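The following explanation is intended to be read with the sequence and the coordinates at hand. Please keep both in view while following the paragraphs.

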Amino acid sequence: MSGDRLKDSAGDGRVIRWRLLMGLVGVLALTGVLGGRLAWLQVIGYQHYSTLSQNNRVRLVAIPPTRGLIYDRNGVLLAENVPAHRLVITPEQVDDMDQTLKRLSKIVDLRPTDLERFHDLLRQQRRFQEIPLKLQLTEREVARLAVNRHRFPGVEVKSHLIRRYPLGSEAVHAIGYVGRINERELRQVDASEYQGSSHIGKTGIERYYEKALHGHVGVKRVETNARGRVVRTLDRTPPVPGKDIYLTLDMRLQQAAEKALGDNSGAIVAIDPRNGEVLAMVSKPAFDPNLFVNGISLEDYRALQTGKDNPLFNRVTRGQYPPGSTVKPFYGLAGLELGIRKADDVIDCHGSYSIPGVDHRWRDWKRWGHGPVKLKQAIAQSCDVYFYGLAYKMGINAMHDFMTPFGFGRRTGVDLPGELTGVMPSKAWKRRERGKPWYNGETVIAGIGQGFTTATPLQLAYATALMADDGKKIAPHLRRMTRAPGADRPQLDPPAIPKKDDAIKLKHPEHWDEIHKAMQAVIYSPKGTARALNDSAYRVAGKTGTAQVFGLGSNETYKADEVPKELRDHALFVAFAPADNPRIAVSVVVEHGGSSHTAVPIAGKVMDAWLLKYGGQDATGGK
Amino acid sequence: MRLGASDTRAGSNQLTPLQRMLHLDGPLLTILVALSALGLTVLYSAFGQQFSEVEKQMIRLLIAFASMLVIAQVPPATLRRWTPWLYGIGLLALIAVLMIGVSGGGARRWIDVGPFNIQPSEIMKIALPMAVSAYLASQPLPPRLPHVLACIGLIAVPVGLIAVQPDLGTAILVAAAGFFALFIAGLKWRYLVGGAVAAVPGAVTLWFYGMHDYQRDRVLTFLNPERDPLGAGYHIIQSKIAIGSGGLFGKGWLNGTQSHLDFLPERHTDFVFAVLSEEFGFAGVCLLLALYFAVVARGIWIAGHAQDNYARLLAGSISLTFFVYFFVNIGMVSGLLPVVGLPLPLISYGGTSMVTLLAGFGILMSIHTHRRMWSS
């Protein structure tokens, strides 16, 4: 270094050092600005940004509860949850999708529709989201995939629970089924409870007790990354499983009843008259509820819905049939109780009846008439003329008022959705519903359960049960016991009997016995219409009935064999047994059964099964 | 702080053994090592505890420190002699990169020379302040207008070449380095004010004709991040959330949720500051700023004690340019400045710019340790 340069430097040095100092001060100031900015963000803005950061990363994920199981009264499993396996692919973990699908198709049966749906989802979803390739893997496919697992990165078999009804179509109308939840249903329930659930009860017990069966949704807080992928679980509130429900049904009795009805369309209801437990409940034809669980195909559904016999239709609660002569014991009781006829009053039946001023003859089912009959014979032989006159004397409003406490014209309140009321007509009813005045002739045919009167098989069984137990009120029900999650044993859980349904009190309780005897005469008297059951091992009381499907002219004769099956009368029979200490009340409707003789032995088989085999000494206790 | 070079007392001006034998400046080295260690710590977290990446960064740091050590051995006089050559080579390389450069990420910044790539703009980061300092040192100070204009020419040509690559961040750094040399040399205030006034129409012209769409976009997004919350504004919003949610003491090392859950963009490189802020909070930020300021202060101190104008201007320029580095990066990440692609010095993952940076500190050390002691 030369000396003059040093001299130069010494002179310039002052300027430079001054500028350096200014620079340093500037740096300090601007670094202070940075510090201030960061203090603004980190100290003053901390709460704000901290919240944003939490919202960024934490998501709530619903954990669906396990649905409660359904058992019969003896613990036979009716609805269960079984693991199902589906094949899912996470695209971002797959190197060569085409190659993977090609190799997978050698192990798993992949249909073109599976692949089509997969490719659709592949375009729509994000790369890290699982895409289902096949929904229902067979055990064999699951095993094959497990062996080959290492060859398929990004391909997984996922398990979940699906509802299964091990007994298929048995008692299907009572149990119901679950199906994929839809928009409308989601609006009706607490949507937050269903965030993780895909299915909901659609009919039957599954729907009626949806809330109990479903349980409470659980939730886990998960941390997600910027792309929404779950990184880890922070904490979880476990779901509360649904309650298990034990039905009043005895599946052995149910099976016996279904077998007894055979291929007929129709319905059977068996009730324990002492407590309202529905022991069996058959509606035929039936269907396999398992079809609905994972979405029924459109063709299958159409076939079920438009089928001539409509298998989806629950005849027990929604089939409104003219009760026919099964109402006669009730009107007989009404006649006694209202003091219109005494048990010993004799009516001469000549095969037809007419009322003053009306030029119409109402015919008895027996062309030549029953001759002179008292109440007991009238019921035993189902004399129409006896009841034509009785009805005419009572008047429709009195009949309505007497029949209503027996459940006619109103819901029994059974724990199933969609129960219908049937019709117990009155003058007010006709004016309200039809806008027309009541005609006396309509009273006459109401006396034999025809005309406007309709009732469901459940109502008939209910009324019969009331009759059997001298008017003691019961609430027909299907849920017998409930087991809360974690509880060892189920607790009895019958419904309360509605306050308005006080016991039916007669002014003369001996009238019950009068009618019971008449109903026994149906089976045991020489001309009884249900003599087929007179060799039963217990004493039976009952009443037959036929429900007209189409009317006959007053001079025509009905001959079942000559009428096409779909126009034949429905065969009805109601009964209870043992007559002196009833433990079962049954109603049977055989659609187009022709004469009531088809219904009688069916009821007999049901009562045999219960009283002789399954019901035990004390039928209240399945166990 | 005293910046007097005439202080001849024994002590501060005596060369320590470290300075005499290795030509290293102890205080500066200590701060740089501390910053590097902090950087590795943050990167370990930013990489989700992948040590292999930290290892790579350690190797880069070793190379960078080695280059610093090598350059520190070269006396300032030799550096000054090399200056015109270095500037010339840098200029040629910048022209070459525009013609035969390798494209990447929409920009053309590298030249492929067999085993490795050269980034000519990095050469210019060193060569330009050297050239401006050398030119000014050969003129009487403070510089008069013709010299100032000559310097502006020296600066404008390489800066323009870098800006069209485009590499706005580096262009700013190089321009700042040249400007700081001019400023320290005593650039008259009226020139400064005049330049600032001229800059307004210049900026307008630049906006409409000189900027790429993405650059305009960045500026607009800077002015209003919510303009495009899922697009360009997303980065700034998420990095502000990361910084703000750090609070006073941070979420703790390895516990940053914004960074670990991929909300933060570029978290290893340009936005690594947000990771640090989130995990170490305001306390960590203050530590970092203190260390950075210490680097600048030590550099200025060295400049003040340098023995000729070339060394003073160069040392001052390098020190103040280092400030621009961290000011622009932190300003950008905290939403104070537009998003400009500049790494956080000594912390961000990546090698090239770090080698240049430490080469610059090598020059500072050379300047400080090749002083002739009056006493000797």
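This is a predicted model: local features need pLDDT of at least 70, side-chain atom pairs count only at pLDDT 80 or more; totals for chains, interfaces and linings use all residues.

Residues are numbered from 1 along each chain as its sequence is written, while chains are lettered from A and ligands numbered from 1 in the order in which they are written.

Chain A contains 22 helices and 21 strands; helices (H or I, at least four residues) and strands (E, at least two) are DSSP runs, numbered from the N terminus. Of its 623 residues, 43% count as buried, a residue being buried if 20 or more other C-beta atoms lie within 10 Å of its own, exposed if 12 or fewer, and partly exposed in between, with C-beta atoms placed from the backbone. Among the contacts in chain A with a separation of 6 or more, 74% are between residues 24 or more positions apart; two residues are in contact if their C-beta atoms, placed from the backbone, lie within 7 Å.

Within chain A, helix α14 (residues 328-337) packs with helix α21 (residues 510-524) at an angle of about 145°, their axes being 10 Å apart. Axes are lines fitted to C-alpha atoms, for helices over the stretch in contact, and angles run from 0 to 180 degrees between N-to-C directions. The residues of α14(A) in this contact include A:Leu333 and A:Leu336, and those of α21(A) include A:Ile515 and A:Met519.

The contact between the chains takes 45 residues from chain B and 41 residues from chain A. On the side of chain B that touches chain A, the elements giving two or more residues are α7 (168-184), α10 (232-246), α11 (257-260), α12 (272-304) and α13 (309-333) of chain B. Of these, α12(B) gives the most, with twelve residues.

Some backbone features remain. The peptide bond from A:Lys284 to A:Pro285 is cis, with omega near 0°, and A:Pro285 is found in the loop between β12 (278-284) and α11 (290-293) of chain A. A further cis peptide bond joins A:Ala577 and A:Pro578, with omega about -20°. A:Asp470, although not a glycine, has a positive phi of about 55°; A:Asp470 is partly exposed, with 18 other C-beta atoms within 10 Å.
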